[in-house]
Amino acid sequence: MTSEIPIIMMRDIDYIYPNGTEALKKINLNISKGELVGIMGKNGAGKTSLIRTLNGLIKPTQGNIYIENENISSKSIANLSEKVGIIFQNPFHQLFANSVEDEIKFSLKSISLDKEKIQIRTDHILNQFDLEKYRTRSPLNLSGGESKKLAIASIICRDPDIIVFDEPTLGQDAKEIEFFINLIKNERKRSKTIIIITHNIEFAYEYLPRTILMADGQIIADGPTKEVLNNEFLISNTSLVLPQIQQFYFALLEQGFQEVVDKMSKTEMINYLRNILKKRYSKI
Amino acid sequence: MTRLRNASRVRVYKEEQDGRKNETGSGKTTLIRCMNGLIPQFYTGYYKGKVELWNGRNTVETPIADLSTEIGIVFQNPENQLIAMNVEHEIAFGLENLGIPIKEISKRIKESVSLTEIEHILDKAPFELSGGEQQRVAIASILVLEPKILILDEPTALLDPYMAKKIINLLNEIKNEKNITIIISEHRLDLLLPYTQEIILMKCGSVIEHGNCEKVINGKNFQTLSLNKPVIYSIFNILKNENLYYKNIPASIPEAVRSLK
């Protein structure tokens, strides 16, 4: 699924907003084709600014961005949007059509498909996202979870190579999150590169292989999620908290339970507790 | 303790454009809107039933303005409730409308600003703020009204984990200090459960269970509903199903540690 060829390369990116805020400072980053990467950090760390540079919504003040080895500085937003699909945090910032069906159709019109193909793809995507029942409904009359789903559908339908999600699990219930996890699994099978900004530590810990940690416009860590999110020093500097499993493990160690590993995953924790409880019952 | 009576028996339908009546989502936001009279006074539709407050007032006959000093709501999207040109005016806005004396206004602003830790952004415009800051301003602007019931619709949705934890701790402090009832609609149960006394579970527009936290999370409804259960819950649930664990499923890490001792 993952190849070593970087699909995204960022070299010495700086971005200063017109009001003087330095949002990005010396960002250097490689993301390979087919990778699934998380971006984490506290509010205002520069996460959203970073992804906005990918489809040209903001142009770096300094530095260069290459997508598939091509410098994107001269490309238009429309041009880049065909390659990079961004699903923003607040679905209502991107939904505006009169009906759910029109929302998808509008998105498809921007990639020069004929009428018949637009209809076929719209029907397919409404079905895939279980939005068929809301076809004629106004996007404004959907619940929070459903409108998020529609926002995702309206980008996925264009089949971009790079898909960027800003807080996709926010306001979603367990079923909707499960749907989202299956969606990213399927998109990865199709060699799509996926970048996810999230505050959801438990989600990142379980599903994202690589995490980039940002603070004050800089990348302060980039590596396997299990390593990055269990580093107490980094966590305390980025307004994150340790994953629940690790917090629970540390609390158990404090009470004298046996130390077995450094960093624990959910499966390891279940096995750890199984052993404790089995030993206890065998003694009785 | 103050409480809303009959809330669980209210059924609300949202009028759709095509005239059919249908329930949307599970109904959490709709139920919240019933609690301060926004339904039926602001949102139209077919409404039946009665929401009565501890003081005998009901949400149909009491004007929304009067209800707002008794029940404060912080909405899911703070952008929807922030209107002033700077944060200080935003927080003062509600109090000015109620004709509160200036001295009292500044005392209350000081208190809520310090509780929500937003001293450094008082002269900023609300739309310039990050999501987390906006959420804290929205909470502060409701807190100054000193409501008896504080309702929050997914208050931590836009916050980073550290700030989310801080807001939940803050709400717990407010509850203890001011002895008010706090009702929270929230998806991040791992944060909320350690402080929750009662849980109302909703599905398809109906309240399917309402009871104390320990009882509800150990019940069938909690297990089968599509909720973001805390990792601790799912671990102990697995151990329980394997007949390795017999006690109640813990709601927090300290409880989980205690249960293993």
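At roughly what angle do the axes of helix H4 (residues 87-97) of chain B and helix H6 (residues 131-143) of chain B cross?

## Helix crossing in chain B

In this predicted model, the axes of H4(B) and H6(B) cross at roughly 30°. They come within 7 Å. The crossing is right-handed.

H4(B) contributes B:Val87, B:Glu90, B:Ile91, B:Phe93 and B:Gly94 to the contact. From H6(B) come B:Val137, B:Ala140 and B:Ser141. By class, the residues of this contact are five nonpolar, two polar and one charged.

## Domains of chain B

Domain 1 of chain B gives 16 residues to the contact, and domain 2 of chain B gives 16 residues.

Which elements of chain B supply two or more residues to the side of domain 1 that touches domain 2? They are helix H8 (189-192), strand E8 (198-203) and strand E9 (206-212). This side of domain 1 of chain B holds six nonpolar, five polar and five charged residues.

## Domains of chain A

Chain A is assigned domain 1 (6-228) and domain 2 (243-284). The C-alpha centres of these domains of chain A are separated by 37 Å. Five residues from domain 1 of chain A and five residues from domain 2 of chain A form the contact.

On the domain 1 side, helix H7 (residues 201-207) of chain A provides the largest share, four residues. The side of domain 1 of chain A that touches domain 2 has two nonpolar, no polar and three charged residues.

Note on methods: Residues numbered from 1 in each chain as written. Chains lettered and ligands numbered in written order. Predicted model: local features only at pLDDT ≥ 70, side-chain atom pairs only at ≥ 80, totals over all residues. Axes fitted to C-alpha atoms, helices over the stretch in contact; angles between N-to-C directions. Left-handed = near helix turned anticlockwise from the far one by under 90°. Contact = placed C-beta atoms within 7 Å. Nonpolar A, V, L, I, M, F, W, Y, C, P; charged D, E, K, R; others polar. Domains from an automatic or database assignment.
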